[in-house]
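Please look at the sequence and the structure first.

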Amino acid sequence: MDFDFSPVEQKFAEEVDAWLVENHDDEVMDHHRENFTQLADTPGRRAFMKKLAAKNWLGMSWPKEFGGQEIEGVYEYILNEALSKHAAPQIGKGVGIIGKTLIRHGNDKLKKEFLPKILSAEVEFAVGYSEPEAGSDAANMQLKAEKVDGGWNLNGQKMWTTSAHFADWYWVGARTDPDKKKHNALSLFMIPMDHPGLEVQSLPTIGKDTTNQVFFDNVFVPDDYLVGERGKGFQMISEALDLERFTMFTLSPIANRSEVLVDWVKQATRDDKPLKDDTNVRRTIAQITTDTAVAKALSTRFVCAAKSGGKPPTIQSSQYKLFTTSLSQRVCKDALDIQGHEGTMAEGQDDAPLRGRFEGAYRATMNETVGGGSSEIQKNIIARRHLGLPKNF
Amino acid sequence: MDFDFSPVEQKFAEEVDAWLVENHDDEVMDHHRENFTQLADTPGRRAFMKKLAAKNWLGMSWPKEFGGQEIEGVYEYILNEALSKHAAPQIGKGVGIIGKTLIRHGNDKLKKEFLPKILSAEVEFAVGYSEPEAGSDAANMQLKAEKVDGGWNLNGQKMWTTSAHFADWYWVGARTDPDKKKHNALSLFMIPMDHPGLEVQSLPTIGKDTTNQVFFDNVFVPDDYLVGERGKGFQMISEALDLERFTMFTLSPIANRSEVLVDWVKQATRDDKPLKDDTNVRRTIAQITTDTAVAKALSTRFVCAAKSGGKPPTIQSSQYKLFTTSLSQRVCKDALDIQGHEGTMAEGQDDAPLRGRFEGAYRATMNETVGGGSSEIQKNIIARRHLGLPKNF
Amino acid sequence: MDLDLSEEQQMVIDMTKGMLEEYSTVDVVRTMEDDPKGYPDVLWKQMSELGLNGLLIPESYGGGGLTLVEGAFVYEEFGRSMAPTPHFVSCVMSAGVLLEAGSDAQKDTWLSKIASGDAILTTAWLEPSRGFGEVGVALQAKSEGNEFVLSGRKQSVPYAGAADRLIVLARTDDGVDLFLVDPNAAGITQKQILSQGREPQFQIDFEGVRVNEGDRIGAAGSGWATWNSVMLQGVTLLAAQAIGGADRCLKETVEYANQRIQFDKPLGAFQSLSHYMADASTTIDGGRVLVHEAAWNHAQGRPLTRFGPMAKLFCCETYRETTRVCAQIWGGVAFTIEYDQQMFFRRAKQLQLSWWDTPYLEELIAADVLD
Amino acid sequence: MDLDLSEEQQMVIDMTKGMLEEYSTVDVVRTMEDDPKGYPDVLWKQMSELGLNGLLIPESYGGGGLTLVEGAFVYEEFGRSMAPTPHFVSCVMSAGVLLEAGSDAQKDTWLSKIASGDAILTTAWLEPSRGFGEVGVALQAKSEGNEFVLSGRKQSVPYAGAADRLIVLARTDDGVDLFLVDPNAAGITQKQILSQGREPQFQIDFEGVRVNEGDRIGAAGSGWATWNSVMLQGVTLLAAQAIGGADRCLKETVEYANQRIQFDKPLGAFQSLSHYMADASTTIDGGRVLVHEAAWNHAQGRPLTRFGPMAKLFCCETYRETTRVCAQIWGGVAFTIEYDQQMFFRRAKQLQLSWWDTPYLEELIAADVLD
């Protein structure tokens with residue numbers, strides 16, 4: 001039993017942290033963007049990703065033959081926690097699900113075309129799984145892909161494609177066989193985001209930043225850009241999630257919010273008395289501190305399970321995601337309750353406490369218990385796979 | 001809109017209250033028995049019920065031809081709230097579901113035999129609906145009633161028969177037709193509790209008092225003691241619950257506990273400081289006070305709906321029961337939290353705060369969110385009948 | 001004991017509902033968000049014509065002279081429609097303060113104008129880093145001859161941009177006093193500060209603002225007592241507003257849960273989700289009766305000391321929690337600006353934090369029970 | 001970073017589990033409820049032979065010299081089996097106090113006897129109408145020559161009926177001091193008081209009880225610091241105990257939910273119920289790691305100031321809430337004495353209220369974070 005990083009891991013964590021302090025940039029790293037900080041959605045942030053690439057911090061866990069270093073995934077976990085702690089863009093879909101899926105299932109053309117670009121941060125991806133009728137029920141994708149001469153013809157719609165408004169390439173799940181049982185009817189495609197048949201419509205959110213819906217009008221995709229085997233799309237999607245053991249929902253932003261709140265409470269006064277002496281405030285801070293420590297414990301639990309290399313830590317990550325996302329919302333609510341009437345001033349207002357950080361975060365975290373598998377989906381997974389209870393719907 | 005009783009109702013409430021103060025008796029009225037106070041399970045309590053009968057307070061809402069006064073059911077509500085406020089036995093099954101069902105469906109023999117005895121409090125009943133396999137799923141009763149010459153032969157088992165250990169007669173639901181769809185296969189019977197074929201086994205609870213399971217070994221019931229029509233048992237049971245609009249789960253015991261807690265807090269000290277000045281204690285008391293007011297509001301809601309005489313206030317009572325039973329448990333938990341380590345001393349110990357009233361109540365109220373339709377059943381009713389949502393299981 | 005509505009009460013509700021459905025549509029509410037004025041003239045005109053602005057003002061001043069009960073019905077509709085109006089600050093708080101403590105001259109000057117909607121008054125109460133209590137009022141009013149000189153900062157003053165007068169809570173040698181102040185008086189600077197609920201709120205700086213003695217409302221040092229007693233009525237109406245918002249939020253969610261299919265079933269067929277909604281409906285229906293009981297008690301001349309705070313405490317938590325679980329049921333779309341859920345989500349939290357927040361309300365209740 | 005157990009740790013767990021399954025069956029636990037002695041000799045003997053009583057005592061005193069990590073493993077099993085033993089007061093709190101501040105003579109006299117189970121010590125701490133804090137210690141110890149005279153009342157002293165010595169927290173001119181007191185000394189009267197968890201607890205009156213100066217533990221006025229530092233270790237173990245109880249409670253409930261049929265489906269197929277269990281399992285699994293992290297930090301020589309209280313706070317609430325939802329799933333049978341659920345239900349609440357309760361723990365954590 002060991003709750004510390006190994007000396008080497010610790011050294012790496014410190015190296016990354018020091019480097020991020022050195023390379024701090026207010027435009028690139030802005031905590032007020034909350035969960036959207038992870039996206040490399042501006043020239044400045046893309047330049048930052050290239051710096052990460054130059055440090056050889058992209059694809060560390062990839063096989064050597066594809067430019068990786070074949071080191072433990074825990075380093076990518078350490079890297080992403082450090083990046084999110086500093087509100088910097090994170091190593092995401094490219095190095096993660098897309099790169100790893102291409103390595104295992106992509107044809108040589110796709111490997112040659114994309115893997116080097118991913119490692120050098122020259123390409124940004126958008127992932128298109130969700131659809132109006134395929135939310136929690138991901139396998140229910142309806143986007144139609146018809147076989148035509150030399151390729152595929154895609155028609156339909158995607159929803160919640162976070163990066164569509166700035167990405168270069170689109171990683172898309174589509175239904176290649178309307179007749180087959182739905183899990184065997186999906187396939188994966190890669191499409192240039194500037195394809196004339198794609199129409200990206202922005203969906204502004206109360207998290208300030210935007211997500212998108214994307215409409216497909218006879219989008220032709222050459223055979224070469226079908227990823228892996230036809231009809232194996234859903235399996236590849238699930239497998240990729242299992243491969244992505246380490247770079248999931250990070251804890252640092254929540255820990256960061258708790259610290260920001262504590263620091264603010266320590267110096268704030270109400271009616272000329274230190275706010276930190278208020279019994280209600282003290283209880284709330286104690287509860288937030290404790291629950292944050294539990295979230296940390298649950299993340300330790302899934303990281304250790306992932307390191308063990310045994311079966312994917314599905315249960316551990318479900319428990320972690322379930323507990324941490326609801327804590328994340330609770331912290332924002334509690335922060336506003338502590339700030340009282342001054343908590344109602346909007347994010348970005350100079351006169352608001354912490355420039356309205358928590359007013360904004362209260363909105364930005366609203367979706368955390370829904371996106372990436374809702375709390376109810378996580379509970380179903382825990383109930384069935386961990387407790388061995390029967391299907392409950 | 002009027003939140004006060006009418007002058008006549010108010011006068012009656014005061015009359016009952018004054019009479020109960022006059023007739024106070026520590027043995028008959030003991031708050032420490034919590035929910036079991038409603039039972040007339042001792043000679044002293046049966047004598048008390050006879051006094052109520054002498055006041056003509058039993059069967060007030062019954063038709064005149066059967067000895068009632070045909071007055072509004074709200075008076076029975078007022079009476080029961082007053083009785084439970086004083087921890088006295090309540091007018092229960094006899095005047096309620098059994099009497100009212102006999103009046104509507106019973107044959108002349110049963111009416112003649114039982115109605116007068118009910119009004120004079122000469123008979124106590126036990127009700128046998130629940131079974132090991134028929135808890136929330138009440139219609140699933142398995143107790144077998146075979147037609148035999150001149151009557152019925154009953155075999156099987158009942159569960160949770162609260163009054164079986166002292167009652168004179170048993171009001172029992174049984175399956176008279178194994179083949180039929182289960183809702184049309186049940187019938188109601190009346191059986192003397194001292195029938196040799198009945199074996200009553202006591203089931204002690206952590207609510208201190210006891211409930212029972214009852215075993216049926218070839219219990220012969222003459223045809224005359226089949227209540228109403230064969231196969232209409234489930235309908236009669238449901239109808240009776242609808243007729244019983246006013247004498248359900250009473251609020252007074254919970255209000256009483258809140259008052260007892262407040263009075264205790266007002267005079268208690270910790271480390272020589274008044275406990276009532278403790279911020280945590282003050283918050284808790286404020287929340288309990290508010291939630292108790294909401295419970296009162298929900299009871300006003302169902303009483304008014306019941307008075308309106310329209311369709312049965314099923315939704316209103318489900319909401320009331322759902323909210324009030326969980327409040328009831330919360331009050332006991334909060335009371336122990338306020339008492340701290342002294343809250344761990346057991347009910348009945350002289351050195352315990354309030355002689356351990358809340359340690360006992362913490363146990364006694366454990367079953368309130370289960371008995372009489374669990375919270376989950378209430379939510380299903382509200383979701384379907386009130387919100388119009390589909391079946392959810 | 002009955003919860004039946006009189007014909008007149010039913011009429012007030014139907015009329016209000018009908019008018020708001022036409023003049024306070026979601027589009028109207030959206031366009032008014034962050035708007036410095038913050039309310040549409042046509043809506044305000046309709047409210048005046050229907051007598052809503054004068055609802056609680058005596059007939060002698062051209063009002064309807066109705067009770068807090070009718071007020072609660074109207075405020076539930078305001079909450080349901082998210083109506084963007086200065087009604088609360090002008091027709092409830094300012095009118096209430098004047099009725100409670102104003103001189104005949106002050107009442108004659110303002111009450112009929114408030115009732116007719118021709119004048120809008122607002123209240124300047126809260127200050128930076130200060131709480132809801134009497135001690136929170138720090139803005140100085142120094143007595144100089146027959147004038148008072150006001151200096152300090154007020155925060156979160158609603159609709160100040162449209163106000164003809166501010167009712168300012170200030171600290172004098174006698175304690176807390178209330179003053180009628182012209183927002184255009186010399187020494188006053190206003191700045192809009194955007195808020196979570198997106199209604200117009202202003203920060204107002206007072207630098208040596210001179211106010212005539214005659215513009216003090218009530219006897220010297222009586223300001224806080226007046227304010228507190230009007231607040232008790234105000235929070236009762238805001239509790240009704242919370243119930244209206246929660247009720248609509250839940251109704252729209254139930255509708256969605258019946259249509260939206262996942263895993264080949266409507267969302268409402270998933271037990272956990274349906275139980276969230278059953279719990280929400282129970283607190284909403286219970287909270288509504290609690291508000292009515294509070295308002296009815298006030299109409300009977302009974303104190304609101306405990307009922308008002310209990311209603312605000314419970315109904316605002318009900319509203320907030322309802323918007324949380326509803327967002328959970330809607331899923332991703334609740335997160336988009338396009339859908340209306342986010343509008344309730346933001347307003348519910350702001351309402352809970354404003355006009356006495358949870359700890360302050362709890363303390364008021366505890367004091368009434370324990371002290 | 002890994003959560004793997006060493007072979008020795010796995011051995012400690014297996015051995016403890018196996019022994020308790022044989023000697024601390026539910027029947028044994030039930031017969032010990034309300035028993036004035038409160039523990040079976042055979043179980044106590046087994047614990048001694050397996051070295052559990054000396055687990056945390058240095059080898060030089062015949063103990064195992066293991067760390068709080070192994071202690072946490074053992075206490076999770078104690079919680080799971082509801083083992084009725086004076087282990088906590090004797091082998092953790094009393095031994096801890098002696099190790100922390102005892103003189104060589106005191107340590108030589110008692111530690112090896114505690115480790116071997118031949119002696120049982122308990123702690124007399126809490127008092128009527130007084131809290132968990134230092135100010136709560138009011139029992140007077142007046143210095144007279146080379147003696148102290150103790151007068152006052154102690155409450156909820158566990159296993160005092162079987163104790164060879166009491167460690168009494170008393171107030172002297174120097175502050176709070178700890179004294180080793182013979183329970184049979186003149187002026188002491190004991191009375192058993194039944195408790196929610198049904199372990200033996202005693203009220204002890206001290207009337208002019210004379211204690212030799214040499215029986216004070218540690219330097220004058222150092223008692224509270226000693227007590228506080230041993231409590232930090234103690235609550236970490238009690239947190240593990242809570243996890244053990246919650247874990248078994250949930251496991252038995254899951255089993256029942258898979259068998260029990262209502263409306264033609266197993267209970268576990270009802271989504272609301274299955275989600276209750278999913279939530280419980282998440283807090284149990286998270287709480288367990290938190291306890292291990294706290295214990296591991298202590299084993300590394302790092303402070304428990306924040307981790308210990310956080311572990312007790314979270315795990316005891318987890319235990320209590322788990323017993324509540326499990327009772328809801330079992331339905332009526334959970335209410336009967338015959339079924340075991342009620343045993344967890346009562347113990348969970350008592351554990352939460354004892355040895356630092358929620359508000360006290362919250363304040364300890366807040367002080368560490370904010371002050």
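Which residues does B:Ala121 touch, not counting residues up to four places away in sequence?

## Basis of the model

This is a predicted model, in which local features need pLDDT of at least 70 and side-chain atom pairs count only at pLDDT 80 or more, while totals for chains, interfaces and linings use all residues. Residues are numbered from 1 along each chain as its sequence is written, and chains are lettered from A and ligands numbered from 1 in the order in which they are written.

## B:Ala121

B:Ala121 touches B:Met49, B:Lys50, B:Leu52, B:Ala53 and B:Leu58; two residues touch, or are in contact, if their C-beta atoms, placed from the backbone, lie within 7 Å. The loop that holds B:Ala121 runs between helix 5 (108-119) and strand 1 (125-128) of chain B. Helices (H or I, at least four residues) and strands (E, at least two) are DSSP runs, numbered from the N terminus.

B:Ala121 counts as buried because 23 other C-beta atoms lie within 10 Å. The cut-offs are 20 or more such atoms for buried, 12 or fewer for exposed, and in between for partly exposed. B:Asp334 is 213 residues from B:Ala121 in sequence and 39 Å from it in space, C-alpha to C-alpha.

## Nonpolar cores

A nonpolar core is a set of buried Ala, Val, Leu, Ile, Met, Phe, Trp, Tyr and Cys residues joined through C-beta atoms within 7 Å. The largest one has 235 residues, and B:Phe189 and C:Met277 have the most contacts inside it. Helix 7 (residues 223-259) of chain C gives the most to this core, 17 residues. A second, separate core has 234 residues, including A:Trp171 and D:Leu232.

## Two helices of chain C

Helix 5 (residues 87-101) and helix 7 of chain C pack at an angle of about 145°, with their axes 9 Å apart. Axes are lines fitted to C-alpha atoms, for helices over the stretch in contact, and angles run from 0 to 180 degrees between N-to-C directions. Among the residues that make the contact are C:Phe88 and C:Val92 of helix 5 and C:Trp227 and C:Leu237 of helix 7.

By class, this contact has eight nonpolar, five polar and one charged residues. Ala, Val, Leu, Ile, Met, Phe, Trp, Tyr, Cys and Pro count as nonpolar, Asp, Glu, Lys and Arg as charged, and the others, Gly among them, as polar.
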